[in-house]
Amino acid sequence: MLEKTKQYINGQWVESHSNETIDVINPATEEVFGKIPKGNAQDVEDAVNAADSVYLEFRNSSIEYRKNLLNDIVKEYENRKDVLVKAMTLELGVPVTASKNVQYEMGLAHFKAARDALDTLSFRERRGNNIIIKEAIGVSGLITPWNFPTNQTSLKLAGAFAAGSTVVLKPSEETPFSAIILAEIFDKVGVPAGVFNLINGDGMSVGNPISENKKIRMMSFTGSGNTGSKIMEIASKDFKKVSLELGGKSPYVVLEDADLDKAADAAVHQAVDNSGQVCIAGSRVIIPESIKEEFTAKVKEKMAGIHIGDPQNMNVEMGPVINAKQYNQIQKFIEIGIEEGATLELGGTGKPEGLETGYFVQPTIFSNVDNNMTIAQEEIFGPVMSIITYSDLDEAIKIANDTKYGLAGYVYGKDIEALQHVATSLEAGVIEINGAPRSWDLPFGGYKQSGIGREWGDYGIEEFLEIKSISGYFQ
């Protein structure tokens, strides 16, 4: 049993004022494997006061100091690899291979990217006898989701530290231990007391007080649209800056000349990686009518071969979803897809055979999906693929953009002109052509209801900066 029932405030592990705890459940076994504190408003107040007491000092620290601090974090993060991998596999249920090769590596990459961005990011710009200064915004509230326990947490923290902003972090109560390990890393490398504060708890008891606190200058949130809207509403009362990375229903556009084996394989991974719990998942697969039968047969064959089971097994490719609520929500969406007339090609409701314990979902494929159907418009956040057909490229682009979201988009094919035309026509902030790997210094964020602002690299640092102009500055 992992019992981490203290908060990290002002450089110390302290008891929560609530004297209450939250059970943390392993989604693969449905058993409690840990306990964390259920923080309250007084915990938040203490953390904010600690961050506020040192924000000017940290704001005015040198770029070289902050770069060295991030470099020390990188080294200690690497030292704690095994512990981080174990924690993420237990709390998220992600297969251990993905914990090592994806989850762990993403968190590390963000600290490196922020460190390296400080080599070229300019905090001062002269214009004649005038100067423009970028300085840390001040105390920032960070609220992070459960689906990538180190990724979103690390990218926000790295950006804030590089900018010189102090923070109060509330991670998801579903996956809190990765954040606790990060706190241990920061403590060991000597992040100054008050610069980083960790308050574990739920949204009502901790998230709301963070959003409401008048000493917090900025809220950075990743999660659902509903929660993001509430945070924006609360933050608007005292005009906090708000950065939101929300949901997606990303199109995966396949061109007629695409290598269907490669395109089908990539489409399957878009659906099942992280059990489909990925905000940028290309879950709407948009293909030419002419290849519908061949492509559908290929994705069915490939998805049927996905090895589902115990996340500790090195051969497992897909684990459970995070909890019973998420499992039930996915089941409901699958039922709606059937009711609305989509053709169930693979999977369906219920658990995979032999996996009665754990929140395991059958990888599911629907064909004959109309883009107006619920399963094509709502974010399912599970391993469910919707196949939609088009007659020409203009129709494909129209279908792809016909959504309230605009986080990501994908296009797969051979014709360079057509690939570029689709990529530049998609209304989304993150576009990939033929699965090209993303550089960690590229901006990440969405159009429309997928969010406000950008993260990653220098763009992520900019989110935590205010801009000041001084006229008549002669020095």
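**Pockets and cores**

Modeller: Keep in mind that this is a predicted model. Let me begin with the second largest pocket, whose lining divides into 23 nonpolar, ten polar and eight charged residues.

Biologist: How much space is in that second largest pocket?

Modeller: About 1,100 Å³. It has 41 lining residues, and V102, Q270, D273, V278 and I280 are the closest to its centre.

Biologist: Which elements give two or more residues to that lining?

Modeller: Those are α4 (96-117), α5 (151-163), α9 (260-272) and β19 (408-412). The most comes from α4, with seven residues.

Biologist: OK, and the largest pocket, what's its volume?

Modeller: About 1,500 Å³. Its lining counts 49 residues, with W146, F221, G223, S224 and T227 nearest the centre.

Biologist: How does the lining of the largest pocket split by class?

Modeller: There are 22 polar, 16 nonpolar and eleven charged residues in it.

Biologist: And which element gives the most to it?

Modeller: That's α8, with nine residues. Several elements supply at least two residues each, including α7 (203-212), β11 (218-222), α8 (225-236) and α11 (324-339).

Biologist: Switching topic: you mentioned α5. Is α5 mostly covered or mostly open?

Modeller: Mostly covered, as 13 of its 13 residues are buried. From first C-alpha to last, α5 reaches 18 Å, close to the 18 Å expected at 1.5 Å a residue.

Biologist: What happens just after α5?

Modeller: G164 sits there, with a positive phi of about 95 degrees.

Biologist: Now the inside. How many residues does the largest nonpolar core have?

Modeller: It has 53, and the ones with the most contacts inside it are I73, F111, L157, F161, F186, F196 and I461. Helix α6 (residues 177-189) brings the largest share of this core, nine residues.

Biologist: Why would nonpolar side chains end up together like that?

Modeller: In soluble globular proteins, they tend to be buried together.

Biologist: Take I73, then. What does I73 touch?

Modeller: Leaving aside residues up to four places away in sequence, I73 touches F111, F161, I185, F186, V189 and V191. Two of the residues on that list, F111 and F161, are also among those with the most contacts inside the core.

Biologist: And what lies apart from that core?

Modeller: Another core, of 44 residues. V254, L260, A267 and F444 are among its members.

Note on methods. Residues numbered from 1 in each chain as written. Predicted model: local features only at pLDDT ≥ 70, side-chain atom pairs only at ≥ 80, totals over all residues. Heavy atoms only, no water. 1 Å grid on protein atoms, 1.4 Å probe; cavity = no way out; pocket = protein on both sides within 12 Å on 5 of 7 lines; lining within 4 Å. Points joined across faces, edges and corners; volume = space filled by probe spheres on them. Helix = DSSP H or I, 4+ residues; strand = E, 2+ residues; numbered from the N terminus. Nonpolar A, V, L, I, M, F, W, Y, C, P; charged D, E, K, R; others polar. Core = buried A, V, L, I, M, F, W, Y, C linked by side-chain atoms within 4.5 Å. Buried < 20%, exposed > 50% of the residue type's maximum accessible area, 1.4 Å probe, protein only. Contact = heavy atoms within 4.5 Å. Expected span 1.5 Å × (residues − 1).
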